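I opened the notebook for a quick pass through this chain.

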Amino acid sequence: MTKSKGLLIILSGPSGVGKGTICRSLCRENDTIVCATSLTTRTPRRGEQDGVDYFFVDEKKFCELKDQGSFLEWAEVHGNLYATLTGEVERLRQKECDVILEIDVQGAAQVRRSTDEGICIFLLPPNMEELWQRIEGRGTDKPEAMQERFRNARRELMEVWQYDYVVINNTVSEAVNDIKSIIMAEKCRVERNKQFLKSFVGKGDGH
Ligand code: 5GP
């Protein structure tokens with residue numbers, strides 16, 4: 001099949017559901033899958049590195065970039081600002097990498113409005129008790145912040161209907177396999193292989 005631009009995959013789901021772990025695992029296992037590094041005004045957590053986990057910026061820099069139209073989407077999440085850089089996503093997709101955006105539901109809605117190319121996947125926890133345990137277990141946030149994340153999680157879950165696929169994070173390997181299957185199926189869509197098909201079978205109307 002002909003080579004083309006990489007896929008644009010949007011992965012959302014409530015805080016603590018394991019999006020980060022799943023993205024890292026997908027990227028480790030597949031050279032052609034990359035996670036776009038977002039920009040945030042949040043303070044780095046212990047062990048987080050600038051340019052790796054996020055580009056950590058102050059609010060002034062964030063607003064400058066926003067005003068310059070550098071963002072594919074942006075949102076305020078749990079009191080901090082987050083954004084995806086259009087340039088970075090395009091650069092990676094041109095290199096035929098499948099790009100994953102690990103973003104919240106507001107950001108995903110913006111991407112959907114600006115392009116119909118995104119494949120939207122919603123990651124669910126096995127149940128709400130498990131989600132609370134994961135938020136608590138991370139031990140990186142203060143109790144009020146954890147409560148806020150859990151409240152937001154309930155709101156975010158209501159957005160699942162806007163997505164193309166749902167994956168349940170029972171185990172990392174199962175969720176990663178499900179996402180790999182989605183990527184594989186998307187790559188096999190007739191729509192995505194039109195050029196190749198035209199040269200292979202001609203320009204027939206399908207009959
Ligand atoms: P955390 O602060 O725990 O790393 O992320 C908090 C939330 O922000 C998560 O739901 C995460 O998906 C979301 N997030 C991270 N980067 C972006 C981004 O670039 N855009 C948007 N809209 N949300 C993001």
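Accessible areas here come from the Shrake-Rupley method with a 1.4 Å probe; for residues, only the protein chains shown count as cover. By that method the chain exposes about 12,000 Å². Carbon and sulfur atoms supply 49% of that area.

Source notes. I am reading a predicted model, where local features need pLDDT of at least 70, side-chain atom pairs count only at pLDDT 80 or more, and totals for chains, interfaces and linings use all residues. Residues are numbered from 1 along each chain as its sequence is written, and side-chain values use heavy atoms, with hydrogens and water left out.

**Overall shape**

I looked up the radius of gyration, taken over C-alpha atoms, against the globule rule of 2.2 Å times the number of residues to the power 0.38. For 207 residues a compact globule would come out near 17 Å; the chain has 18 Å, which agrees. Along the principal axes, the C-alpha atoms fill a box of roughly 60 × 40 × 30 Å. Buried residues (under 20% relative accessible area; exposed is over 50%, partly exposed in between, 1.4 Å probe, protein chains only) make up 44% of the 207. I then checked contacts, meaning heavy atoms within 4.5 Å. Of those between residues at least 6 apart in sequence, 68% join residues at least 24 apart.

**The parallel sheet**

I count helices (H or I, at least four residues) and strands (E, at least two) as DSSP runs, numbered from the N terminus. The chain has eight helices and nine strands. Two strands pair if DSSP finds at least two bridges between them. Five strands form an open sheet with parallel pairing, in the order β2-β7-β1-β8-β9. β2 (33–35) and β9 (165–168) are the edges; each has a single partner strand, so one side of each lacks a neighbour in the sheet. From one strand to the next, the twist averages 25°. Leu123 has Val167 of β9 as its bridge partner.

Next I checked a helix against this sheet. Axes are lines fitted to C-alpha atoms, for helices over the stretch in contact, and angles run from 0 to 180 degrees between N-to-C directions. Helix α3 (residues 86–94) lies across β1 (8–12), β2 and β7 (98–102), and runs at about 150° to β7.

**Strand β6**

Is β6 buried or exposed? Six of the six residues of β6 (residues 80–85) are buried, so the strand is largely enclosed by the rest of the structure. Asn80, Tyr82 and Thr84 cover one side; Leu81, Ala83 and Leu85 cover the other, all buried. β5 (residues 71–77) pairs with β6 in the antiparallel sense over six bridges. Within that pairing, Trp74 stands opposite Ala83. Two residues lie between the strands of the β5 and β6 hairpin, where His78 takes a positive phi near 50°. β3 (residues 39–40) also runs antiparallel to β6, joined by two bridges. Thr40 has Tyr82 as its bridge partner.

**Cysteines**

How many disulfides does the whole structure hold? With a disulfide taken as a pair of cysteine sulfur atoms within 2.5 Å, the search finds zero. The sulfur closest to that of Cys23 belongs to Cys35, at 4.0 Å, too far for a bond. Cys23 is buried at 2% relative accessible area, whereas Cys63 is partly exposed at 30%.
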